[in-house]
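The following explanation is meant for a reader who meets this structure for the first time. Please keep the sequence and the model in view while reading.

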Amino acid sequence: MRHIISILIENEAGALSRVAGLFSARGYNIESLTVAPTEDITLSRMTLVTRGNEEVIEQITKQLNKLIDIVKLIDLAETSHVERELMLVKVKTSIESREEIKRLSDIFRGKVIDVTNNSYVIEMTGASDKLDAFVNALDESSIIETVRSGPTSMSRGEHGLHL
């Protein structure tokens with residue numbers, strides 16, 4: 001099962017390395033990892049996506065909680081949450097294909113952010129499934145490059161991950 005673990009971590013050198021090392025040492029895979037400072041400059045928020053059964057995830061969270069840099073964490077799979085991912089996709093275009101690619105982008109609520117004679121760069125945000133569906137709807141030979149941020153997420157309602 002897919003789990004999104006949201007972590008408040010001290011914003012200092014080596015903290016990310018210790019988290020990645022924990023996963024590596026135990027043979028767990030990190031599918032996606034995003035990190036950025038929070039409103040408190042001493043803390044960063046890390047969003048980590050991994051897969052595993054309940055026992056594996058419990059072991060991961062226990063091991064993470066033992067790290068000195070970790071302030072607080074929550075497994076968002078256990079709560080109602082909002083999730084978004086950013087994707088940039090560069091596609092080949094021609095005079096004949098431009099309108100169709102623009103129309104497809106609009107259907108998925110994407111935005112063309114760069115145009116050249118032979119390509120578009122399209123920005124899209126949403127759930128990972130939506131982004132996958134957009135990529136699958138494109139002609140595979142038209143995709144030049146794809147960059148994805150990985151999911152970032154937070155719990156719904158007035159509760160949040162804070163001190």
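The paragraphs below turn to the strands, the helices and the salt bridges.

The model is a predicted one.

The pairing of S2 with strand S3 (residues 43-51) may be followed in detail. These two strands run antiparallel and are joined by six bridges. One of the residues to look at is Ser32, whose bridge partner in S3 is Val49.

Is Leu33 buried or exposed, or does it fall in between? Its relative accessibility is 32%, and Leu33 therefore counts as partly exposed, as buried would require a value under 20% and exposed a value over 50%. When residues up to four places away in sequence are not counted, Leu33 touches Leu16, Met46, Thr47 and Leu48. Leu33 and Ile4 are 29 residues apart along the chain, and their C-alpha atoms are separated by 9.7 Å.

Arg51 forms a salt bridge with Glu31, and the closest N and O atoms are 2.6 Å apart. Because Arg51 lies in strand S3 and Glu31 in the loop between H1 and S2, the pair ties together parts that are 20 residues apart in sequence. Both partners are partly exposed: the relative accessible area is 49% for Arg51 and 41% for Glu31.

A hairpin of three residues leads from S6 to S7. Within this pair, Val115 stands opposite Tyr120 in S7.

Helix H4 (residues 128-137) contains Ser128. With a relative accessibility of 14%, Ser128 counts as buried. Leaving aside residues up to four places away in sequence, Ser128 touches Arg2, Glu83, Glu85, Arg148 and Pro151.

Arg148 also takes part in a salt bridge. How far apart are N and O where the side chains of Asp132 and Arg148 meet? The distance is 2.7 Å. Asp132 lies in helix H4 and Arg148 in strand S8, so this pair ties together parts that are 16 residues apart in sequence. Asp132, at 33% relative accessibility, counts as partly exposed, and Arg148, at 32%, likewise counts as partly exposed. Salt bridges with shared partners join Glu85, Asp132 and Arg148 into one network.

Another salt bridge brings together the side chains of Glu145 and Lys90, at 3.6 Å from N to O. Glu145 lies in strand S8 (residues 143-148) and Lys90 in strand S5 (residues 81-92), so parts that are 55 residues apart in sequence are tied together by this pair. Glu145 is partly exposed with a relative accessible area of 41%, and Lys90 is partly exposed with 28%. The count for the model comes to nine salt bridges.

Terms used
Residues numbered from 1 in each chain as written. Predicted model: local features only at pLDDT ≥ 70, side-chain atom pairs only at ≥ 80, totals over all residues. Heavy atoms only, no water. Pairing = 2+ DSSP bridges. Helix = DSSP H or I, 4+ residues; strand = E, 2+ residues; numbered from the N terminus. Buried < 20%, exposed > 50% of the residue type's maximum accessible area, 1.4 Å probe, protein only. Contact = heavy atoms within 4.5 Å. Salt bridge = Lys/Arg side-chain N within 4 Å of Asp/Glu carboxyl O.
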